[in-house]
Structures are given as C-alpha cells and as structure tokens.
Amino acid sequence: MWSAVRPYLIITFGMLIYAFAATGFLVPHKIVGGGATGISTVLFYLFGIPVGVGYFLVNIILLIIAMKVLGPKFGVKTIFAIAVGSLFLGIMQPLMPVDGILPDEKFMSTIIAAMLTGVGIGLSITVGGSTGGTDIIAMLVTKYHNVSPGRVLMVADFCVIAMTLLIYDPLDREAFGGLIYGYVMMGIVSFTVDYVLTGKTQSAQLFIFSEKYDEIARELTNQVHRGVTLIDAKGWYSGQEKKIIMIVARKYEASEVLRIARQIDVNVFMTMAPVMGVFGKGFEEVKGIK
C-alpha cells in the first residue's frame, strides 16, 4: 500500500511547491518562467484566464502525447499531477497578494521561484511523474538517451520565455527586463532539477595507497559492497613495488571508504576525484546505444 501511495504523495508535495512558486513570486511580477505555467501566465495577462485553468488546458495536449509515448502508467501520474497542480494554482492565486510576496524584490522573487520550481519538478520526476509542461519533453528524451533533464528543459523553455514580449509593450524597457528574469530563472531551474535528480547518484573515484592494501580491499568489499581493483605500481623514489587500490563509489559512500582505509592504516595516502558518469553494474544504465 505504501509503495503505491508514496509516489502520489511526493508528486502532491512537488506540485504544492511548484504552485506556491508560481502564484507567490512569478505571476504577480509578470515573470514568464517557462513550461505550462509560463504559457498560462501569458494567457492570464492577455485574456484574463486564471492560471490554474490555463495550466490545465495547456497540459491536455501534452498529456495525450505522454500517454501514447511513455505509456499509461506515466499517463496516470501525469493526470494526477496536472489535476493537483491545477487545483493548487486555482486555490493559491486568489489568496496571494496582488503584487506578490516580495512586492519590491523582482529579482529576489525570480531566484526564490526558480529554486522552488526546480525542487518541485525534480521531486515529481524522481518518482516517474511529471509536473506537466515541458518537463514531459525532458522525460521523453532522457528515457532513451543519457541527456541531462535540465538541459532539455532549458531548450524547451527558451521559446516559452520569449513569449514574455506578448504581455509587454515592445518599446517598454520592462519587456527586456522580463526576458532577462525569465532566462535567469531558466538556468537556476535546470541546475536545481539536475541536483535533485542526480544528488544521490553522483560518483567519485578513489585511489588508496597503503601497505595494508589486502586488508583494506577486503573490508571495502564486505562493508561498502563495491568492486575493488588492484593496480601494480612502482615508487619512483623508493624503487619499491606497490599495490594501488582503485574504487568507484557514490559520493555519499566516499566518506565510508575513507573511514575504513584510515581505520586500518593511519598512514594511508588517498586521493578522491569526481567522475562525470559511471555506467555498468551497480551504476547507471547505458541508453541510446544498440
């Protein structure tokens, strides 16, 4: 029961954050932040359509695409996310101050909204859902290719943010400012989404130099449950034959690797470096290659 309900609770929480960011910081300042919410913001200022209603209508087309390409399971979660998101947007917009939570802080509102939006989108995607809008495109691409979801969102949202010019007088300097705020938000959102999605999957490569390499390697295998490789080496100054332990682990596991090595050999010498990607058993699956 919990495994079935948990994804929907996470999506609900993500959409709550998403709606709060839009109605409290973006819409009052006429900031088009991309995605379905950005389009619904434009519709609100052009035709007076409430953001919640516009959000729902825009997502109908994207919902049909998601159900056909990504399958009915994804479609059910997307329907749920769209319904909850539309509800939250519809409820929150009348409750928020007309000039926003931070009336005189348009730039700060952009920063806060971008971070909250990224967290909301990221939480929904982690459980296979969608907040609706252009993140569906991100799910389509990342399903078959090793491409950053944040980068896909950035490209898709670029065109949406350009619609800012529709709600301003083209000769008004605020139109240019609105574009700048929108693109600043786009960059922060993409970074935040990537951080939420990959924060627990970032990896590190460690080299361990110790005379007690056999004992360290054994304990790393038993406790960290990661593969260990021994590399033959020779010290240039001492001329002695040595063994180097190489291990690739998640970043959150690196501290445990360091602790084990230090506990066994107080004179151990170690290096650690982040790696861009690790593919294979125990890590990410290689996609897009036949």
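Two strands count as paired if DSSP finds at least two bridges between them. In this predicted model, strand S1 pairs with strand S3 in the antiparallel sense, and Ala-204 stands opposite Ala-249 in S3. This briefing covers that pairing, the aromatic pairs and the charges placed over rings.

**Strand pairing**
- Strand S1 spans residues 203–209 and strand S3 spans residues 241–250; 7 bridges connect them in the antiparallel sense.
- Thr-271 in S4 is the bridge partner of Phe-207.

**Aromatic pairs**
- The structure contains 7 aromatic pairs.
- One of them joins Phe-20 and Phe-25, with ring centres 5.6 Å apart and 85° between the planes.
- This pair of Phe-20 and Phe-25 is edge-to-face, because planes over 60 degrees apart are classed in that way.
- Phe-25 has a relative accessibility of 5% and therefore counts as buried, the cut-off being under 20%.
- Phe-20 has a relative accessibility of 31%, so Phe-20 counts as partly exposed.

**Charges over rings**
- Lys-30 lies over the face of Tyr-45, at 5.3 Å from the ring centre.
- The charged end of Lys-30 also sits over the ring of Tyr-168, at 4.6 Å from the centre of that ring.
- Both distances, 5.3 Å for Tyr-45 and 4.6 Å for Tyr-168, fall within the 6 Å limit for a charge over a ring.

Note on methods. Residues numbered from 1 in each chain as written. Predicted model: local features only at pLDDT ≥ 70, side-chain atom pairs only at ≥ 80, totals over all residues. Heavy atoms only, no water. Phe/Tyr/Trp six-rings, centres within 6.5 Å; stacked < 30°, edge-to-face > 60°. Buried < 20%, exposed > 50% of the residue type's maximum accessible area, 1.4 Å probe, protein only. Lys NZ or Arg CZ within 6 Å of the ring centre and 35° of its normal. Helix = DSSP H or I, 4+ residues; strand = E, 2+ residues; numbered from the N terminus.
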